[in-house]
Amino acid sequence: MVHAIRLNKTGGPEVLAWETVDLPSPAAGEATVRHHAVGLNFIDTYHRTGLYPLALPSGIGLEGAGVVEAVGAGVTEVKVGDRVAYAGGPVGAYAEVRNIPAHRLLQLPASIAFNTAAAMMLQGLTTAYLLRRTYRVQAGDAVLIHAAAGGVGLIACQWAKALGATVIGTVGSAAKADIARAHGCDHVINYSSEDFVARVREITGGEGVPVVYDGVGKDTFMGSLDSLRPMGLLVSYGNASGPVEPLDLLLLSQKGSLFVTRPTLMNYTAKRADLEALGAELFEVVASGKVRIEVNQSYALKDAIQAHRDLEARKTTGSTILIP
């Protein structure tokens, strides 16, 4: 018997229940992982509230790092004793120990600690596909990254800067502006007191940017479109302020033959080879020191309710982990 956070109904943070659960032996193709650390991500709140529906009752959480304790029949990807990390599902990471399909696990380099891995896998792999696959950032590009002081934002700003881009980041406070500047932002816009569209146009000499990475959603979507140059790409990958309203496609032609995509990590890592390739790029950029992963908050796993409250109140910066 082990402990895990379970969802029996959707709602506010108070619906997160710390329960004792029975863990069977790993089935064929599965591995049993004892977590040393678990990642906290905004998508967890979407599962909790039902914005992204789960079949209830359910576990929750999409990333973790730990050690393989057992493997089921046919597993070749990992072996007992391996240090591993994962992100992207299936849900159930908020647990002391869990079974997970072995093909979702990546072997963790010795140079990367468990806490770092749990803090970086979902946000880091997300950043990897955003910057290296959805739109391949090149030296000389100007990119706009919303929520630059958030978990994905801090990684994306550092990584884009390392690729030679001019990084424009938006934040919601002066304190977060300082954090963004310290992590690769060449230009920081406080959208609570500045018109970010006007500032982007000013910074780019009126041209706009070729790509906007928008994890905020409803509050920034139209402004993101207006920040693009003709034939630019809006990558809408999150809904921190709420889901984007239906879009009249004629607006895309009127604003310059724009492109919009709504990608997910699961699509970009559905094939094992793609997962391994993105993982290798992430591990390399972190091991090289070009991207620093900063765990700015840590909670006991059983205190997930408070962690969710703080995350939704925007009291957190960078990455947050839960310790079993």
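In this predicted model, helix 2 (residues 114-134) packs against helix 9 (residues 272-287) at an angle of about 105°, and their axes are 9 Å apart. The two helices are therefore roughly perpendicular to each other. Helix 2 also lies across strand 11, strand 12 (228-236) and strand 13, and those strands belong to an open sheet of six. The points below cover the helix pairs, the sheet, the cysteines and some backbone details.

**Helix 2 and helix 9**

- On the helix 2 side, the contact is made by Met120, Met121, Gly124, Leu125, Ala128, Tyr129, Arg132 and Arg133.
- On the helix 9 side, these residues meet Leu275, Ala277, Leu278, Gly279, Glu281, Leu282, Phe283 and Val286.
- Sorted by class, the contact of helix 2 with helix 9 has 11 nonpolar, two polar and three charged residues.

**Helix 1 and helix 10**

- Helix 1 (residues 42-49) packs with helix 10 (residues 304-312) at an angle of about 110°, and the axes of this pair are 10 Å apart.
- That angle makes helix 1 roughly perpendicular to helix 10, since angles of 65 to 115 degrees count as such.
- Helix 1 contributes Phe42, Asp44, Thr45, Arg48 and Thr49 to the contact, while helix 10 contributes His308, Leu311 and Glu312.
- The residues of the contact of helix 1 with helix 10 divide into two nonpolar, three polar and three charged.

- Strand 10 (187-190) and strand 13 (259-261) are the edge strands, each of which pairs on one side only.
- On average, and with direction ignored, neighbouring strands of this sheet are turned by 15° against each other.
- Strand 8 (residues 142-145) and strand 11 (residues 209-214) run parallel and are joined by three bridges.
- Leu144 stands opposite Val212, which is in strand 11.

**Helices on the sheet**

- Helix 2, which lies across strands 11, 12 and 13, runs at about 150° to strand 12.
- Helix 5 (residues 196-203) also packs on the sheet, where it touches strand 8, strand 9 (166-171), strand 10, strand 11 and strand 12.
- The direction of helix 5 makes about 160° with that of strand 10.

**Cysteines**

- The count of disulfides comes to zero.
- Cys157 is in no disulfide, and its nearest cysteine sulfur, that of Cys185, is 3.4 Å away.
- Cys185 is likewise in no disulfide, with the sulfur of Cys157 as the nearest cysteine sulfur at 3.4 Å.
- Cys157 counts as buried because its relative accessibility is 0%.
- Cys185 is buried as well, with a relative accessible area of 8%.

**Backbone details**

- The peptide bond from Leu56 to Pro57 is cis, with omega near -5°.
- Pro57 lies in the loop between helix 1 and strand 4 (63-71).
- Met231 is a residue other than glycine with a positive phi, near 65°.
- Met231 is found in strand 12 and counts as exposed at 58% relative accessibility.
- Arg314 is a residue other than glycine whose phi is positive, near 60°.
- Arg314 is found in the loop between helix 10 and strand 15 (319-323), and at 39% relative accessibility Arg314 counts as partly exposed.

Terms used. Residues numbered from 1 in each chain as written. Predicted model: local features only at pLDDT ≥ 70, side-chain atom pairs only at ≥ 80, totals over all residues. Heavy atoms only, no water. Axes fitted to C-alpha atoms, helices over the stretch in contact; angles between N-to-C directions. Helix = DSSP H or I, 4+ residues; strand = E, 2+ residues; numbered from the N terminus. Parallel < 35°, antiparallel > 145°, perpendicular 65-115°, else oblique. Contact = heavy atoms within 4.5 Å. Nonpolar A, V, L, I, M, F, W, Y, C, P; charged D, E, K, R; others polar. Disulfide = S-S within 2.5 Å. Buried < 20%, exposed > 50% of the residue type's maximum accessible area, 1.4 Å probe, protein only. Pairing = 2+ DSSP bridges.
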